[in-house]
Amino acid sequence: MLIDVHCHLDMCEKPEEILNEAKKKDIMITSAAVNEKTNESLIAWKHPNLKICLGLYPIDGLKCGNDEIDEIINRIRKHRADVWGIGEVGIDYKESVDDEEHERQEKIFRKFVSLAIELDKPIVVHSRKAEEECIEILEELGAKKVIMHCFSGSMKLVDRIINNGWILSIPANVSFSQHFQNVVSRTPLKQLMCETDSPYLSPEKTWPNTPLNVEYSYKKIAEIKKTSLKDVEKELEKNYYSLS
Ligand SMILES: [Zn+2]
């Protein structure tokens with residue numbers, strides 16, 4: 001089984017066709033929500049090749065009051081049996097400019113990290129221009145089941161993630177991205193997963209991307225690790241189940 005550990009299936013074109021194709025090709029799709037609306041639509045969606053992550057994207061979080069955030073968290077608690085992980089959550093300093101917003105994002109992120117620990121679920125972390133800040137909060141709160149999604153921080157921080165025993169998920173654009181090829185070289189197979197972040201980050205620089213393209217990440221990992229595609233598939237499946 002191939003696993004796309006992070007994408008936004010609800011934003012993709014013809015998601016039902018993608019799911020049918022995923023079933024034929026034995027691909028598990030893990031779709032992440034970004035706000036209350038997408039949390040709701042993912043909860044309602046059932047398919048054998050679909051797992052869901054519920055959360056609140058850092059920029060969407062800035063539009064929510066404390067009560068709304070607590071409501072979202074309580075709804076996730078209520079649906080814990082249907083939820084594979086907590087995501088997409090994190091901190092994004094690129095799209096957020098002032099200190100007040102930075103502080104607010106960190107406060108919300110802490111709530112979701114605590115939730116993931118409480119529910120014993122993996123947490124899928126978005127950490128744009130705030131890579132070290134995210135790592136520090138995760139370390140401080142003692143998170144263990146961590147997936148750093150599309151991690152663009154320095155190799156020093158990649159080493160810190162590896163030392164913490166966390167997972168780095170490699171997007172399909174590793175086909176041309178030297179940064180992600182370097183991350184793969186450095187990270188042991190037992191700490192790698194694959195993702196597409198579709199409809200974003202197409203491996204062929206086209207729009208839209210699809211979870212079916214997760215194969216690009218697997219192929220590149222096999223090439224860099226000088227092993228077979230089957231071996232990568234088997235190892236990453238183990239990683240996935242160890243988080244579940
Ligand atoms: Zn995403």
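Student: Where does Met11 lie?

Tutor: Met11 sits in the loop between E1 and helix H1 (15-25). Helices (H or I, at least four residues) and strands (E, at least two) are DSSP runs, numbered from the N terminus. Residues are numbered from 1 along each chain as its sequence is written. This is a predicted model: local features need pLDDT of at least 70, side-chain atom pairs count only at pLDDT 80 or more, and totals for chains, interfaces and linings use all residues.

Student: Is Met11 buried, exposed or partly exposed, and why?

Tutor: Count C-beta atoms, placed from the backbone, within 10 Å of the residue's own: 20 or more others is buried, 12 or fewer exposed, in between partly exposed. Met11 has 14 C-beta neighbours inside 10 Å, so Met11 counts as partly exposed.

Student: How should I read contacts across the whole chain, and what share joins residues at least 24 apart?

Tutor: Two residues are in contact if their C-beta atoms, placed from the backbone, lie within 7 Å. Take the contacts between residues at least 6 apart in sequence: 68% of them join residues at least 24 apart.

Student: What radius of gyration does the chain have?

Tutor: The radius is taken over C-alpha atoms, and the globule rule is 2.2 Å times the number of residues to the power 0.38. For 244 residues, a compact globule would come near 18 Å; the chain has 17 Å, which agrees. The C-alpha trace spans about 50 × 40 × 35 Å along its principal axes. The chain holds 10 helices and 8 strands. Of its 244 residues, 47% count as buried.

Student: Which residues of helix H9 are buried?

Tutor: Helix H9 covers residues 214-224. Its buried residues are Val214, Tyr216, Ser217, Tyr218, Lys220 and Ile221. They pack against strands E1 (2-7), E2 (27-32), E7 (167-171) and E8 (192-195), and against helices H8 (178-186) and H10 (229-243).

Student: What follows H9?

Tutor: Lys226, with a positive phi near 50°. Most residues other than glycine have a negative phi, and most peptide bonds are trans. Lys226 is in the loop between H9 and H10. It has 6 C-beta neighbours inside 10 Å, so Lys226 counts as exposed.

Student: Where does Asp120 lie, and what is its phi?

Tutor: Asp120 is in the loop between helix H5 (99-119) and strand E5 (123-128). Its phi is positive, near 55°. With 9 C-beta neighbours inside 10 Å, Asp120 counts as exposed.

Student: At what angle do the axes of H6 and H7 cross?

Tutor: Axes are lines fitted to C-alpha atoms, for helices over the stretch in contact, and angles run from 0 to 180 degrees between N-to-C directions. The axes of H6 (residues 131-141) and H7 (residues 155-163) cross at roughly 20° and come within 11 Å. H6 and H7 are therefore roughly parallel to each other (under 35 degrees; over 145 is roughly antiparallel, 65 to 115 roughly perpendicular, the rest oblique). Glu131, Glu132 and Ile135 in H6 meet Leu157, Arg160 and Ile161 in H7.
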